[in-house]
Amino acid sequence: MKKIEAIIKPFKLDDVREALSEIGITGMTVVEVKGFGRQKGHTELYRGAEYVVDFLPKVKMEIVISEDQVERCVEAISSAARTGKIGDGKIFVTPVERVIRIRTGEEDIDAI
């Protein structure tokens, strides 16, 4: 099993969710986060004063899937989240050792 974590632009969330649904991935956790990478924030004007916004709003998606779904999942997220501009985000793929469904006690693939 693998865990896919994707940091994307908030307005791309619906596109990514639809792309994942089309390949049969329906379960995910989504959290609103703030951060920056190479884009390093931007400058805004508020009541005549200029200030730097260091942390930009992003969405973090977490999905646990079987290993045979990883490449299709990564491709679906990449193509749906891509705008071609700086700040499109990142995808992290990490191993998952064990999953337990609390309600039934099912484990691993059965628990996903």
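This talk goes through the fold of one protein, from its overall dimensions to one of its helices.

The model is predicted, so to speak from the record: local features need pLDDT of at least 70, side-chain atom pairs count only at pLDDT 80 or more, and totals for chains, interfaces and linings use all residues. Residues are numbered from 1 along each chain as its sequence is written, and side-chain values use heavy atoms, with hydrogens and water left out.

Overall dimensions to begin with. The C-alpha atoms fill a box of roughly 60 × 30 × 20 Å along the principal axes. Of the 112 residues, 31% count as buried, meaning under 20% relative accessible area with a 1.4 Å probe, protein chains only.

Now the secondary structure. There are two helices and six strands, and along the sequence they follow the pattern β-α-β-β-β-β-α-β. Helices (H or I, at least four residues) and strands (E, at least two) are DSSP runs, numbered from the N terminus.

Which strands form the open sheet? Four of them do, in the order β2-β5-β1-β6, with antiparallel pairing; two strands pair if DSSP finds at least two bridges between them. β2 (29–35) and β6 (89–95) are at the edges with a single partner strand each, so one side of each has no neighbour in the sheet. Neighbouring strands are turned by 20° against each other on average, direction ignored. Strand β1, residues 2–8, is joined to β6 by seven bridges. A6 has I91 in β6 as its bridge partner.

Next, the helices. Helix α1, residues 13–22, packs on the sheet and touches β1, β2 and β5 (56–65), its direction making about 15° with that of β5. Helix α2, residues 70–81, lies across β1, β5 and β6 and runs at about 5° to β1. Contact here means heavy atoms within 4.5 Å. Axes are lines fitted to C-alpha atoms, for helices over the stretch in contact, and angles run from 0 to 180 degrees between N-to-C directions.

Last, α1 in detail. Which residues of α1 are buried? They are V16, A19 and L20. Seen down the helix axis, the buried residues fall within an arc of 95°, so they line one face of α1; the arc is that of the directions from the helix axis to the C-beta atoms. Their cover includes β1, β5 and α2. Just after α1, G24 takes a positive phi of about 90°.

Methods. Buried < 20%, exposed > 50% of the residue type's maximum accessible area, 1.4 Å probe, protein only.
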